[in-house]
Amino acid sequence: MNRKVLLFFVDVFSTLIAGILALFIRFGFNFSEMRKYDESIYVYIIISALVYIFNGNYKVVWRYANQKDFLKLFRASVISYLLVLSFFHFYKGIVLPRSVGFVMFLSSFILLVGVRLFYQFIIEIKKSVENKYLIIGAGDVAVSIAEEIMKSGIGDVVCFIDDDTNKIGRTIFGRKVFGPLSKIDEYLKLFSYDEIIIAIPELNSQRISSIIEKIDLKKTKVKVIPSFEELFKDKIRIEDIREISLEDIIGRKPVRVDLSRIREYIKDKVVMITGAGGSIGSEICRQIAFQEPNRIILLGRGENSIYEINEEIREKFPNLEVSRVIGDVENSKWMREVFKKYSPDIVFHTAAHKHVPLMEENPYEAIRVNVFGTVNLVELSCEFNVERFVFISTDKAVNPTSFMGLSKRISELYVLAKKCPVKFSIVRFGNVIGSRGSVLWKFKKQIENGRAVTITHPEMKRYFMSIPEAVSLVLQSTILNGNLFVLDMGKQIYIESVAKKLAKILGRDDIDIIYTGIREGEKLYEELFYPYEVPLKTGHSKIYSVNFSVPISTEQIKNLSKEIMENLLVGNIEKAVGIARRIVPEFKFKGGLK
């Protein structure tokens with residue numbers, strides 16, 4: 001028999017039982033008196049049965065029912081009771097004592113709910129629990145995740161751990177809330193669990209790191225919710241949860257940006273992202289897509305990476321217009337055709353060669369792509385009336401010691417020196433965790449393969465920031481006044497410390513470290529500002545603005561950069577360095593071509 005039909009008959013039978021119970025409460029064992037109201041009870045049952053059907057009682061999958069679904073039962077019971085009262089008021093041939101009708105209403109509602117709760121209980125017993133989850137957090141996100149885990153049948157929740165004193169000691173879905181988080185090591189010993197889910201969006205990297213330190217990652221998986229996506233979703237789902245990563249421990253800081261103003265600015269605009277397949281570029285694409293632009297133009301040299309980000313964007317935003325362009329930003333003829341075809345309103349320029357040692361071996365390419373690719377895009381933006389041009393720079397552009405850093409600084413100066421109606425801006429920041437070609441990738445492979453981790457110098461340190469955090473601040477900068485923005489990167493972190501934290505995540509308590517010596521073009525530490533750059537506060541606490549006049553024209557920058565390339569092409573490094581210092585006097589070249 002169909003489950004819906006079976007449940008209908010169970011409800012009708014429950015209503016009959018409620019009627020008998022109501023009569024018994026009213027008349028006790030006086031069966032002759034009870035028989036006088038048989039007809040009334042049948043009328044109540046018929047009316048109730050019809051209401052149950054039209055109320056939608058049998059459209060609910062009761063295995064996964066929530067509070068709203070159970071409220072439907074209450075609504076059905078109330079409607080039935082009111083209709084019965086109306087019927088007996090107008091039809092004088094049959095009567096029903098008011099006490100009997102009211103008790104029948106309450107009893108039928110209790111039985112309807114009881115049957116469904118009993119069904120859920122049986123299902124809970126029958127299903128095999130594959131995983132046991134311990135959830136850190138007891139807020140809306142944690143409750144949402146717990147509800148989906150328990151109702152989907154993928155596992156069970158053993159408990160919650162939270163700092164909220166109003167929740168500690170109470171239960172959620174029958175599971176107790178423990179706390180505070182400072183005693184988490186004690187609570188972890190009380191339960192048997194397979195995975196831990198950190199479900200507190202506002203936890204910063206320091207708090208997450210302190211929690212991880214108390215967990216044996218060899219025995220237990222730890223997962224987290226993605227903090228950035230939390231800004232855009234009403235409800236975090238199971239598929240949004242991911243494995244704990246290094247950015248959660250050293251680079252994850254809650255970022256609040258003015259989403260309404262960002263969306264208001266970007267909505268219905270044509271947005272071009274160069275280097276769209278890269279780490280920063282692809283994240284800009286993801287976050288821009290949320291802002292409802294008219295079209296996104298994915299521009300990059302690597303066909304595979306452009307294909308991948310295109311597939312991701314189309315899957316998540318099927319109604320968004322997306323255009324794919326394969327090309328080199330230094331190819332002025334092709335870039336002109338792209339601008340002519342799409343007429344972008346906003347350009348985010350992330351395309352660049354970024355690997356310092358590799359560019360030391362290939363300085364010609366660093367200048368060709370990084371400088372002249374930027375020059376092309378800047379000139380075309382002016383020619384085709386682009387509204388805003390955002391250039392993504394790096395802390396390596398400050399007092400550069402490498403050709404990569406030099407190329408970025410020259411690009412900064414060109415953008416700042418250009419005069420036309422376009423709103424030019426630069427966003428400068430340090431290393432992002434998870435970027436392609438990052439040293440962290442190498443560390444991960446070395447640790448996973450059981451090899452020693454190679455670090456250039458024990459005092460080497462860098463600024464680190466998560467990619468979503470950096471990109472959200474880049475978007476925030478588009479609604480701020482200024483032309484050079486520098487992101488607050490916090491404190492620099494020793495590379496050795498980063499390697500050890502990564503090893504912890506990968507389940508390694510200790511690792512061997514080998515120091516290989518500083519490579520050509522590298523610094524022991526990075527800088528975010530030149531001495532003459534005075535950071536000014538903006539409308540966002542994590543974004544600084546710098547204002548200064550560029551003492552050289554765009555034509556001079558372009559001509560001198562061409563001379564640098566010509567000398568690099570024939571291997572005349574010393575002369576190229578000398579010319580470069582006429583643009584960037586702070587350039588401290590330390591290496592040489594191999």
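1. What radius of gyration does the protein have, and what would a compact globule of 594 residues have? In this predicted model, the protein has a radius of gyration of 33 Å, whereas a compact globule with that number of residues would be near 25 Å. The C-alpha trace spans about 115 × 55 × 45 Å along its principal axes.

2. As for the overall make-up, the protein has 21 helices and 22 strands, and buried residues account for 54% of its 594 residues. The protein exposes about 28,300 Å², of which 54% is supplied by carbon and sulfur atoms. Of the contacts between residues at least 6 apart in sequence, 76% join residues at least 24 apart.

3. One sheet to trace is an open one of seven strands, with mixed pairing and the order β3-β4-β2-β1-β5-β6-β7. Its edge strands, each of which pairs on one side only, are β3 (171-172) and β7 (242-243). Within this sheet, strand β5 (residues 195-198) and strand β6 (residues 221-224) run parallel and are joined by four bridges, with Ile197 standing opposite Lys223 in β6.

4. Helix α6 (residues 140-152) lies across β1 (131-136), β2 (155-161), β3, β4 (175-178) and β5, and runs at about 155° to β2.

Technical notes:
Residues are numbered from 1 along each chain as its sequence is written. This is a predicted model: local features need pLDDT of at least 70, side-chain atom pairs count only at pLDDT 80 or more; totals for chains, interfaces and linings use all residues. Side-chain values use heavy atoms; hydrogens and water are left out. Helices (H or I, at least four residues) and strands (E, at least two) are DSSP runs, numbered from the N terminus. The radius of gyration is taken over C-alpha atoms; the globule rule is 2.2 Å times the number of residues to the power 0.38. Buried means under 20% relative accessible area, exposed over 50%, partly exposed in between (1.4 Å probe, protein chains only). Contact means heavy atoms within 4.5 Å. Accessible areas come from the Shrake-Rupley method with a 1.4 Å probe; for residues, only the protein chains shown count as cover. Two strands pair if DSSP finds at least two bridges between them. Axes are lines fitted to C-alpha atoms, for helices over the stretch in contact, and angles run from 0 to 180 degrees between N-to-C directions.
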